[in-house]
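Thanks for sending this one over. Here are my notes, for you to read with the model open beside you.

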Amino acid sequence: MENFDVIVIGGGPGGYVCAIRAAQLGHKTACIESRGSLGGTCLNVGCIPSKSLLHSAEMFHKANKEFDKIGITTNGLSLDVSKMMSHKLKTVDGLTKGIEFLFKKNKVTYIKGHGSFASNNTVNIKNSDGSDSQVTGKHIIIATGSSVATLPNINIDEKVIVSSTGALALEKVPNKMVVIGGGVIGLELGSAWMKLGADVEVVEYMDHILPGMDREVSDSFHKILKRQGMKFNLSSKVNKVNSDGSKATIEFEKDGSNNILEADVVLVCVGRKANTDGLGLENVNIEKDEKGRVKIDKHFKTNVENVYAIGDVVVGPMLAHKAEEEGIAVAEMISGKYGHVNYDVIPGVVYTHPEVASVGKTEEELKQVSIEYKVGKFPFMANSKAKVNDEADGFVKILADKKTDKVLGVHIVGPDAGNLIAELALAMEFGASSEDIARTCHAHPTLTEAVKEAALAVDKRPIHM
Ligand code: FAD
């Protein structure tokens, strides 16, 4: 039985990053992954394949609908979905292999198999070749992530009724797609297939899309998606989805009446659940919280000595970069260093076109805790680079403390919002005021000038509006 200083169960962004950092800090480290490839949900069936699809779909859409406006003619444009999927798989394959390379470089032992607790320092492994083995570790980190959740009475067959995983691998563009759930993943994938030609209709339980995001941003994004052709049924409760193997019917309740939709594909995006089954938590009495996630303290420690947990399997936003930060922090903490994650500054991005990005508090959150704030807003319509690119939908909105001017939150709908938000996250990490951003020279012509102008608008002195 091989002994390690650190054993990480799960090779997603939380787990593999944690393993690399632990090895960098001098620990003999192993990472156990059952999927057959590293990178977890993110690289295999999440962030990366969805962004590949969104990018390809947007390129097709632009060539199909927008090139003509600027004098580029595309006669004979056609779509080869299988080639698009091959490109996606090639990207995923390259990136997952890249992590194997990083493991070798950092001397992390990659164990291909399923791990479960035998005791607080011993892990049973069902190896990918069918054999059984055990490893022991001084520190064990649970990074087993999450998987698709569904609703009662819905059987996902990944053909007609699909989860995000099936929606990333459709063989052809459906004529009609119904998306259950107007959250980030449903809107991203719905948007990708819409740009490829599908008629997309969303059914959402809440009275608005993107629950948890700043309401003004969510409302504005809703309008933009509607203008792009996406249809919405809000405040709608799905009761049943039936499939005859080639088509599906979706029954939902709205304003007290029953409604039926038909679709070629139904995408179920109602959330994700923590992966704790088959992990042997009961063998060591590791506690879970009310949502079935592994319970941890502020230092990622479970109730069992030397067992930690990070990423989607614990509380917090289910985001790859949050998992990575926690992976690094826990590796540093067990090395006696100061690992820290600032949960007030975790950006969130929706990778549609336009994108939505946000960091820090929303207006609703500030109101709830009675913090007085100022708002600075600037529309991309008045930004020269956005006009040049003909991508002028949306705005930047900065929320700053009324007394101190410290930036408390930033919310963007607009082109490249996911990249723009990085400046604001950095500013918030440094405790910047809106005045600091307003007085920073931003290159012209860039989209970043909209950020500067929004900061100027906090003090009611924007130049270009
Ligand atoms: P995971 O990535 O889920 O990795 C856990 C790994 O552990 C898995 O590979 C699993 O096979 C393995 N495992 C589980 N149990 C065991 C066991 N007992 N033994 C061995 N191995 C085990 N996040 C973003 O930040 N940006 C995005 O753009 C984004 N897009 C997304 C799009 C989609 C369609 C989906 C589904 C998710 C997306 N996410 C995105 C979320 C992101 O993928 C997750 O937050 C992230 O992968 C969580 O990382 P993790 O390491 O905690 O878990």
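The points below go from the basis of the model to the ligand, the domains and the backbone.

1. **Basis.** This is a predicted model, in which local features need pLDDT of at least 70, side-chain atom pairs count only at pLDDT 80 or more, and totals for chains, interfaces and linings use all residues. Residues are numbered from 1 along each chain as its sequence is written, and side-chain values use heavy atoms, with hydrogens and water left out.

2. **Ligand shell.** Around the ligand there are 38 residues, and Gly 14, Glu 33, Thr 41, Lys 51 and Ala 320 come nearest (a residue counts as near if one of its heavy atoms lies within 4 Å). Sorted by class, the shell holds 14 nonpolar, 19 polar and 5 charged residues. Here Ala, Val, Leu, Ile, Met, Phe, Trp, Tyr, Cys and Pro count as nonpolar, Asp, Glu, Lys and Arg as charged, and the others, Gly among them, as polar.

3. **Elements in the shell.** Among the elements that each supply at least two shell residues are helix H1 (13–24), strand E2 (29–33) and helix H9 (320–333). H2 gives the largest share, 4 residues. Helices (H or I, at least four residues) and strands (E, at least two) are DSSP runs, numbered from the N terminus.

4. An N or O atom in the side chain of Arg 35 is 3.0 Å from a ligand oxygen. The backbone takes part too: an N or O atom of Pro 13 lies 3.3 Å from a ligand oxygen, and a polar backbone atom of Cys 42 is 3.3 Å from a ligand oxygen. The protein covers 94% of the 1000 Å² of accessible area that the ligand has on its own (Shrake-Rupley method, 1.4 Å probe).

5. **Domains.** An automatic or database assignment sets the domain bounds: domain 1 (2–147 + 273–341), domain 2 (161–270) and domain 3 (345–458). Between domain 1 and domain 2, the C-alpha centres lie 28 Å apart. In contact (heavy atoms within 4.5 Å) are 16 residues of domain 1 and 15 residues of domain 2.

6. **Backbone points to check.** Most residues other than glycine have a negative phi, and most peptide bonds are trans. Leu 210, in the loop between strand E9 (199–203) and helix H7 (215–228), has a positive phi of about 45°. The peptide bond from His 353 to Pro 354 is cis, with omega near 0°. Another cis bond joins His 444 and Pro 445, with omega about -10°.

Notes
A polar contact is a pair of N or O atoms within 3.5 Å; within protein, one must be able to donate a hydrogen and the other to accept it, and residues adjacent in sequence count only if both atoms are side-chain atoms.
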